Structures are given as structure tokens and as C-alpha cells.
Amino acid sequence: MSNIKLRSGGTIPLEMHRARMVQKINLLPVNERLEKIQEAGFNTFLLRNRDVFLDMLTDSGTNALSDNQFAAMFQADDSYAGSETFFRLEKVLVDLFGKKHFLPAHQGRACEHIIARTLVKPGSVAIMNYHFTTTKAHITLMGGGIEEIISDEGLKVKSDAPFKGDIDIDKLNEAIKRIGTENISFVRIEAGTNLVGGQPVSMKNMREVSAICRALGIKLVYDASLLADNLYFIKTRDEEFRDVDIQEIMLEIGRLMDIIYFSARKLGSSRGGGILTSDDEIFSQMRELVPLFEGFLTYGGMSVRDMEATAVGLIETLDMGVISQTPVFVEALCNEMQANGVPVVLPPGGLGCHVDAREFCNHIPQEEYPAGALAAALFIVSGVRGMERGTLSEQRNPDGSERLAEMELVRLALPRRVYTLSQIKFVADRFAWLFENRHMIGGLRFTDEPKVLRFFIGQLEAIGDWPQALAKKFAEDFGGSL
Ligand SMILES: *Cc1c(COP(=O)(O)O)cnc(C)c1O
């Protein structure tokens, strides 16, 4: 485990790996950072990575690969059909989750597409702890709706609840009664709930939800993209599992779920994705869609090298020294931010540190995207690229009005095993400066707003000249230092 006790009684997050290959990064001067974010329409997705110092946009496809993953790439069997690589990956997945069938897909959202196409009928509702952007988009594309029934604790910024991603069982029962079993496409549990701060789901909750679904014949779908962090929290926050093998935990999850899918850009720290099920009928329906949308059944749009890396990465997920890396560094960053008075989502989750922009920028109305503004301001003062996870990431209501997000967050993702403790400390320091100068940050408005998933490529402008004033103050305070 990578949280190590110190002589003083405190702990330090310790890297349980060494860097054998490194990549140079640049920290541009503040005036150039200001220029770059303006050119990017104040959207951190539109920055060029060469202009970014620490890329904390996402953990998707940005995790460090291990020596064994690289080694495995050399044995990739490059054939269109019947590749040995496919059978190696299939065996790993089927063994890990105890499922019968595996379908490959090119990434997580492709799995969502296939599942939605198979199970979502127009007018049906998918019930879930919380949506992920692409999940919701694929369900609505098929004419379905979603209903979120996360525990009340899940939407509180600060809480003591160890498993804030849990489904509220009373709300689940009520929703099933109201919507009617026949109108429910499926119930979905998302591990390490992404949009509410990487918060885990407990095994107790998964057992309860599974029992309810089984009794009524409702399909239970599991989004395992962020399972690695969730496994760490099950091991460390639930007494029952302290001494239970991670493999045992995965097998139990497999037994509780009807369909499991994942993004291998996260789980397995590689690229790609896949769907697992033991349900022959659903499997044969989904199987028809793979050659049509993804590629032949033995690669599904993935490169064989990535498939080999995924197979090894999945096995490495059984190692607590590997999966503890991100959570303990997230905790260290959250602790440091808290000590500086910066409001963050607590308890610390997986995936990254989540800053509460509603509190941080309580002078900016939600319609002016406080989290988007804060992410842009952070880039100006640090070269760190975070991601807006708030109103900007929502889709407008059908009548064109803004759908205000329940949580207004800036996410600082920590790609697995990529950044060091000093880089974490740098982020916390610049964020503390920004907090002291938070009243200088102003709002944003769209200049180009796409209809679907607008946060990816939408462009905005600052309301007023706050970015220039912020850059000027930063340059004065740091005396020309970067
Ligand atoms: C990233 C993610 C997805 C989508 O996966 P991609 O590989 O990016 O398409 C789905 N669900 C969750 C919880 C995710 O974090």
C-alpha cells in the first residue's frame, strides 16, 4: 500500500514504482497561458497539450503503463479474426468477473451505445445512482430517460459517508413502483461515481440493489470504468473486506450484476472497452451490433497492442500497491487543499480532487458557469488543466433553459502513477493563491454552443476583463516567476 507511516505518526503517499521513461513538460509564462486559454475559448478541452504543464483533465487513456504492459504489446497477434490476443483478453476478463461472454468495443461509450441500443425502448427509464455524460447521451439518443437515485449524502460536498455513491434503496423501491417494472430498461450502478467526485459504492448496497432487481426480473448493469478506485475503498473502508482478496471482491460483483461494461482507458490503464454477461439472449442481441459499429468480434475497434496491455493492466488491478496509488494521492491533495481553506468534495474519492466551485466562486451565478471559469482561471495561474464538471457539462432542457447542475465542480484528475508529490504540492499552492484572489474571477458565456455534449467543443468568452486582471496580479505577486 502506498500510504506509509512516518516517524511523527503522520503518513506520506509514497510512489510504489520508479520512473524508467519520462516525458518533458513545459510551464509557459503567465501571459502566454492567458493567450492560450483565450484561443481555446476558455474551454480546457480545446487547449493543446504542449501548452499544458500538468494535464489533470482526465484519467482517460492517460494512465502510466507498466513495464509488463509494454512487454505484452510485443506478443500482440495482429489478425482480423481469431486473434490469440482476443482469447487472452477474454480469458482474463471472464476469469476476473466470472462471466460467460465478453464483447469487445473501442471504448466505454461504445459499450453504452450497444447496451442502450439493446435494452432501451422509447419512453423507458434507466434508473441509476448517477449518470455519466456519455451514458445519458446514449440512453436519450435511443428515446429513453434516466432517473437518478443516489443517496442524499452523495450530493453533499462535505460528508462523512464512506460510500457516497450508494443508491438510496427507498428511492429505488419508490421509483420502481412509480415507473413500473415493464417501463424500466435497466438499473445501472456506476462504480466510483464519476460526476459527483469519484465516490465509491459499497458491497452492501450492490447486494441490496441486486436482490431487488433479481426479484422483479429487472436487468442490473454495472459501469466498472472506475472500479479500481472503488475496489481500494471497499478494501479500506469496509471492515468485512479488509482481508478479502481483490479477486474475491470482483467475483462477488460479477455474481451480483447481469451486465458489466468498462472503459479500458481507465480500468486496465490502457485503451478500449468491453461488455461482459452470462445472459445468452442479451449477449446474442448485443453481439450483432459489434461488427456493425465497432469491428469484428475479436477486436471490436481496439488495436491488438492495446488489448494485450489491457489484459495485463486488469491483472495488475488485483495489486493493492497499484490501485492504491491514485486514492492516496487524491487524499493528499484534498488534505492540502483543505488546509488552505479551499472547499473540496469530502471524503476524498478516487479519480481526482474535486473543488466545489459553487462555494469557491459564490459570487458567480450558475448560469455563468463558475466551474468553467474556475478551471480557466486555474490554467492561467498554473498551467494546470482541470475539467469543468458542472452546469457547462449538462445539456439544456428541451425548452432551451439552462439545466443547473446539482454539483458545480472542477475536477483535478490524477492519471494513475503519472504525477509526483511535488507536482501535487505545486497544484495545491497555486490553488491557494487563486482562493485568496477568488473575487477577481468572473463568469463566462458561450460564443459557440453545440447541442450535444457541448462541454467538449463549445467555445466561450469571459464576461468582463477578469482574465487579464488575474494574470496581471499573478505576475506582480510572483515577481515574474512562472
Ligand atoms: C470514462 C467513463 C465512461 C466512458 O468511457 P470512454 O472510454 O471515455 O468512452 C463511462 N463511464 C464512466 C464512469 C467513465 O468514467
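Predicted model: local features only at pLDDT ≥ 70, side-chain atom pairs only at ≥ 80, totals over all residues.
**Second largest cavity**

I looked up what kinds of residue line the second largest cavity, and found five nonpolar, four polar and two charged. The volume of the second largest cavity came out at about 100 Å³. I then listed the residues in the lining: among them are Tyr 130, His 131 and Thr 133, then Leu 195 and Val 196.

**Largest cavity**

How many cavities of 30 Å³ or more does a search of the whole structure find? I noted five. For the largest cavity I wrote down a volume of about 150 Å³. It has 16 lining residues, and I marked Ser 269, Thr 317, Val 322, Ile 323 and Arg 416 as the closest to the centre. I checked which elements give two or more residues to this lining and found α8 (227-237), α11 (304-316), α12 and α13. Helix α13 has the largest share of the lining, with three residues. By class, I sorted the lining of the largest cavity into four nonpolar, seven polar and five charged residues.

**Ser 269**

Ser 269 had come up among the residues closest to the centre of the largest cavity, and I went back to it. I found Ser 269 in the loop between β9 and β10 (273-277). Is Ser 269 buried or exposed? I put Ser 269 down as buried, because its relative accessibility is 13% and the cut-off for buried is under 20%. I also looked up its backbone angle: phi of Ser 269 is positive, about 45 degrees, although the residue is not a glycine. I noted this because most residues other than glycine have a negative phi.

**Largest pocket and Arg 417**

I turned from cavities to pockets. The largest pocket holds about 1,400 Å³ of space. I counted 36 residues in its lining, with Met 21, Ala 64, Leu 65, Arg 417 and Val 418 closest to the centre. The elements giving two or more residues to this lining are α2 (67-73) and α12 (320-323). I recorded the classes for the largest pocket as 14 nonpolar, 11 polar and 11 charged residues.

I looked at Arg 417 separately. Where does Arg 417 sit? I placed it in the loop between β14 (409-413) and α16 (421-436). Arg 417 is another residue other than glycine with a positive phi, near 60 degrees.

**Second largest pocket**

For the second largest pocket I noted about 420 Å³ of space. Its lining has 28 residues, and those nearest its centre are Thr 58, Ser 60, Arg 109, Phe 132 and Lys 266. I listed the elements that give two or more residues: α4 (108-119), α5 (133-141), β9 (259-263), β13 (387-389) and α17 (454-457). Of the elements, α4 gives the most to this lining, with three residues. By class I found eight nonpolar, 10 polar and 10 charged residues in the second largest pocket.

**Ligand**

Lys 266, listed for the second largest pocket, is also on my list for the ligand. Which of the 15 residues around the ligand come nearest? I wrote down Gln 107, Arg 109, Asp 223, Ser 263 and Lys 266.

For Lys 266, a polar side-chain atom lies 2.7 Å from a ligand oxygen. For Gln 107, the distance from a polar side-chain atom to a ligand oxygen is 2.8 Å. For Asn 194, an N or O atom of the side chain is 2.9 Å from an oxygen of the ligand. I also noted the cover: on its own the ligand has 380 Å² of accessible area, and the protein covers 99% of this.

**Pro 347**

I checked the peptide bond between Leu 346 and Pro 347 and found it to be cis, with omega about -5 degrees. Pro 347 belongs to the loop between α13 (325-339) and β11 (352-356). I made an entry for this bond because most peptide bonds are trans.

**Ala 413**

My last entry is Ala 413, in strand β14. Ala 413 counts as buried because its relative accessibility is 0%. I also looked up how far Ala 413 is from His 106: their C-alpha atoms are separated by 22 Å, and the two residues are 307 residues apart along the chain.

Conventions. Residues numbered from 1 in each chain as written. Heavy atoms only, no water. 1 Å grid on protein atoms, 1.4 Å probe; cavity = no way out; pocket = protein on both sides within 12 Å on 5 of 7 lines; lining within 4 Å. Points joined across faces, edges and corners; volume = space filled by probe spheres on them. Helix = DSSP H or I, 4+ residues; strand = E, 2+ residues; numbered from the N terminus. Nonpolar A, V, L, I, M, F, W, Y, C, P; charged D, E, K, R; others polar. Buried < 20%, exposed > 50% of the residue type's maximum accessible area, 1.4 Å probe, protein only. Near = heavy atom within 4 Å. Polar contact = N/O pair within 3.5 Å; in protein donor to acceptor, adjacent residues only side chain to side chain. Areas by Shrake-Rupley, 256 points an atom, 1.4 Å probe, with all protein chains shown as cover.
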